[in-house]
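Let's take a walk through this structure together.

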Amino acid sequence: MSTSTEVSKWRHLPPPPGFASTVSFSKSSGKAVAAATASTASYEELKSKRAWDLAFSPAKSLPMQAFMLYMSGGGVQIFSMGIVFMLLSSPFKNLAAINTAFAPFAPASAPPKSLTTLPLQKIAYLLCNLLTLALGLWKCRSMGLLPTGTGDWLAFETRGQPPEILLV
Amino acid sequence: MRHLSLFLLCLAACTHALHSYEVGVTDWHKPLAGVPLVQSHSTAPVFHRRRYEDGQTSSVVLTATQSNVLAAIHSANGSIAWRHIFDDDDHIIGFKRDTDIVVALSGPGGANFRVFDSNSGHLLLERRLHDLAAGRLQEPESLGTSVGFGAEEKEKDIYVLTNGHTLRRLDRHTGEVRWGWTAPDQTSSVLYSKIFVTLSTVYLLGLSKSFASYTLHVTSLSPDGGVVVYSGNVPSSIKTGFSQAFVLSDVSAPDTVPRVVWFEDGKIKSLELAPELTAKPATVKGAAYKTIEDVGLSEYGQFVAIAENGSGRVIKLTPEGLKVIWEYSDSATSPTRTGSIYSGGLDVDGHPYIARVFWAHSLKTMSAHVFASHLAEGKGLVTGYTFPFKTGEHGIIRHVAVEAANPEHYRVLARLAVTTTTGAVQMWQKDQLQWTREEGLADIRVAELVELPERKIALHLDSEHETFGARVARQLLDAQDFPQYAVNFVRRFVTGSYTSVSTPVVAPTNASEPLSRDAFGFRKVIVAATPYGKIYGIDSANGDVLWSRVFGLGWAAQVGGQIIPAKLFVTRTVNDGESPQVVLVTQRKASNGLVDTVLFHVDALTGEDARRQSPSNDLLQGEDAVSGPLVEAFLLPTDAGRAVVLLDEFLQVHLYPNSDEVKAAFAAVAPSLRIPLRSGPPGQRRLTGHQVPSEVEFTGLHIAYPTWSLPFPTGEDIFAVFARPTDPVASLGKVLGNRTTLYKYLNPNLVGVVTGPPSTAPLSEKATCGVYLLDGAKGTIIYHAILPSVGGRCDVKATLVENWLVYHYYDPEVVVNQAKGYRVVSVELYEGRGVDDKRKSSDMSSLSNATTDVSVYEQAYVFPRGIRTITPTSTSYGISVKDIIVANENGQIQSFPRRFLDPRRPKHKPTTEEAEEWLIQYDPVIPDDPKRVLSHHYQVAKTQKIVTSPALLESTSLVFAHGLDLFFTRIAPSNTFDVLSESFNKPQLVVTIAGLAFAIVVVKPIVARKKLRERWYD
């Protein structure tokens, strides 16, 4: 997907029928311009609000996911494994697509795909995703899937030849 | 790893039992009777014809054996008709048969009296005639005991003489003592040993010791009340004891007065037996004699006398006295033949026959001359023939029992039951061998299971040197089997008819084909050696003897001797590329008292001499490795192959093979060798550690020197020293439920010692037994337990595997809340002080202090019964759980799962973490699970040792038990997790896949068409 087509999606689309174009207002009157500026500002505010919403969305789904984990039980089965896999993989998927996810909410002044656009929201988004990841790891640990104990590394231990040979 | 072990535990949890369809397929059992005791007439093999109610008769060979068994063997097929196994401390002294019963005496002085049904072997009567402690021990044991039957036609009572001075008349059916008579003067020198019963009188024959010889003493009693009629010496002087003094009578001529016959100074003397003993001794006129022999026909009035020149004469009781009725021709001592063995027997009608058996050097065959006195109008008839006895395979004939038939007037058909020096019992009907029983296998001293090579190994050995053309030709030849292979493959794929674990390990029908293993490595060769001078190769698939070799005595052949196996080592396995070989280390005890250490090196598949010194059908000659007794022998893997290391009395190190390569390799490893040896006089036993210097002495031999010594408390003798098996250890630690690890204490120098009061010490209740685990490289005690003794005797059985020690003993103490009974203690050793404390004990130097950093977990359990031997299972990689296999007192081989013996079983309800380890709550009693009896209904008697060996399948361990009987089976302690279950439905799987494939083929074009339609019309 190329950048130009994506941008065109929200910038050069014709307004829906019955909607006046902001561009046409700007030329007609100052009041209209003021109204248009106010409208643009509220639009930007709206976008920022929506960006914050998006940033906190992983955290909002956490209770739901925790409940699902609780319901899926502690055994290593297909359900619990599916949920754990989702928990572990979705933060990485989200973070990989972080710029795209926030692009619609980028202020008009900033390049929509830049990492520095909406930094606070993105940091919050990152933290919330880490929370999801932490939940997934906690579940893994409680299921005994994290190699944290010495027992998990025992099979890789080796011993050499003893220095003495006992004959009995 | 953890999940694998969980998985294995889970499998182990499902109890595995032997299925009835596996009986006789996966296991086999060879009941044996033991090597017949041929020294005494009262125990030697004898034919007994059994009469059934319908008038039919069948013949068995009755014998008492060195394994303390009374057995009856079918003459027709050599199978055991019945056997009675006497306790180890209840020695069988002798037996006597009547028409339908067999009476046996056993124990000191004949203390125990038993009556068996001669047809079924059922024990009809059992009585203790006197206290065991009151029994007098005689040499030979049979002296002073005798059994006689009343002279009545029917319902004969049994007369039993025990302890040399007590006579009892017992009722045949109830065992009730009608009367008893004890010699009034027991301290006198008269020792009674024979009973002779007539209708009117019971005679007791005894010997009283006089100057330089014995004097015959006769006491006559009345049969009704046991009143002494007469008692007195017969003027005589007997040198050799009772072997040359007996009573002759003739059942076919009851009027003939019985006579007592004895041999005195080259003369045969006899005396008419009358109640008052008024007659004077008579002498047989004629030639001077060397000896006389009772051939078992004294009731038929015949015996054999050997003249001065060695020729044998048959002497018969007649109303006029003793008369020579026959002289065997060519029976004089001669360099062309060996001395003769004489034996008497009967036919169906009760006519006596006497067989003379000897080896003719010129003909290289055995000859038999059978004399029948009643044939040829009473003049006597001898039937002579030879029979092809294989002396190279069975040694020398030691005893012959004979039974004869007289189908036509001048035709005698003799059946000989032959006992040989190698412990074989053979039945010869005329010159036809009917059957052979290798009874020597009842006393296997050492046994090893040797792996077999794969079948293709022998196909093309010279593949390195063949030309291109030859190779193409060979490969084309090989390729001609391809279509058949392809068909087989498809059939196997479709039907799933793979070799399964419970299918029999088929032996190849082609006997000339070299031995090869089966798909799972269940088939091995059991190499076993007996003290009867023979080594056997036994097929583990069915218990048949594949090959056997008789040991040559070397220089001791001149004086005679015995070869006693000490150790058996597999020096070459199939993994080394060539056919496997074993080395047997033996002690040769020559009759002149010299003891040598002799090695026999044989190919385990064929029994061929690996040193190529002896031809394959002759005696197996060994190598005299040490001229002197052996202290210890070990197998040492070196860079130059496996070498046998022998230590002689002077601690000199002898090597076999004694090549320069091996010497150099040994010198390289010598400084790192640590050898603990038992030393010290009885009562002050100690274990002394030795090291070997890398330099040789002037003799060219290394001499081991002591480095440390561990004295045991006074009054503790070393009973056994044992080490863990050399099997691989799959896991270095035990992972707990919380994912921490207990590292196993795998010190390679760990040695177990069982101690107890010396057998020479007086029995004392205070004596204790001990179990030690110590570091065999420096003598540090790592674990020690003091166990109670049973009246001063110790019977502790212990086994060590990986870091797990299991010992079994009897606890006679009764305290509060505790009953006496058998106990088993399970001990586990882990490194350091607790979890995650790694000390790397398995490659630690013995000089490290950390060798003593051990945490011990132990738990005692109540064991259902006493055991004879204990051994752990053994698998090829050590991944499967190790079970404990015991041979219990009931003649069963039983397995006990590790889960029940785990010393970490919690005393409370297992927590989640403990449950994750599959630990079960502690229960003091180990369940006696009949489903875990490996030997199901077989009676595996007197098991001495159980040998376990890995199969190719990791899950399966082969189990071979030997003692009196041989028993072989296999066991999967964690179930057969590495083979597809037999209930797996392979056809269903194949059908499903085929159906799906078919569905895809059908549906694919339909879907494609539908998609195309959608594009056009939607």
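Before we start, one term: a residue is called buried when its relative accessible area is under 20%, exposed when that area is over 50%, and partly exposed in between. Keep in mind, too, that this is a predicted model.

Now find helix α3 of chain A, which covers residues 30-72, and look for A:Trp52 and A:Phe56. How exposed is A:Phe56? With a relative accessible area of 38%, A:Phe56 falls in the partly exposed class. A:Trp52 is partly exposed as well, at 30%.

The whole structure holds 28 aromatic pairs, counted over all chains. A:Trp52 and A:Phe56 form a stacked pair, because their ring centres are 5.7 Å apart and their planes meet at 20°, and planes under 30 degrees apart count as stacked.

For a contrast, hop over to chain B. The ring centres of B:Tyr783 and B:Tyr807 are 6.5 Å apart with the planes at 45°, so this pair is tilted. B:Tyr783 belongs to strand β54 (residues 781-788) and B:Tyr807 to strand β56 (residues 804-811), so the pair ties together parts of chain B that are 24 residues apart in sequence. Both B:Tyr783 and B:Tyr807 are buried. Elsewhere in chain B, ring pairs join B:Trp326, B:Tyr328, B:Tyr342 and B:Phe371 into a cluster.

The charged end of B:Arg898 sits over the ring of B:Trp804, 4.6 Å from the ring centre. B:Lys907 lies over the face of B:Tyr922, 5.2 Å from the centre of that ring. In an unreviewed UniProt entry, residues 802-1016 of chain B carry the feature "domain: ER membrane protein complex subunit 1 C-terminal". That stretch of chain B is 19% helix and 28% strand, and its end C-alpha atoms are 74 Å apart.

Back in chain A, take a look at helix α6, residues 119-143. Just after α6, A:Gly144 takes a positive phi of about 80°.

Finally, where do the chains meet? In all, 24 residues of chain A are in contact with 35 residues of chain B. About 2,400 Å² is buried between chain A and chain B, and carbon and sulfur atoms give 60% of that area. On the chain A side, A:Arg159, A:Glu164 and A:Leu167 lose the most area to chain B, together 32% of what that side buries.

How values were computed. Residues numbered from 1 in each chain as written. Chains lettered and ligands numbered in written order. Predicted model: local features only at pLDDT ≥ 70, side-chain atom pairs only at ≥ 80, totals over all residues. Heavy atoms only, no water. Helix = DSSP H or I, 4+ residues; strand = E, 2+ residues; numbered from the N terminus. UniProt positions renumbered as here; feature names shortened; annotations may be inferred. Phe/Tyr/Trp six-rings, centres within 6.5 Å; stacked < 30°, edge-to-face > 60°. Buried < 20%, exposed > 50% of the residue type's maximum accessible area, 1.4 Å probe, protein only. Lys NZ or Arg CZ within 6 Å of the ring centre and 35° of its normal. Contact = heavy atoms within 4.5 Å. Buried area = accessible area lost by both parts, 1.4 Å probe.
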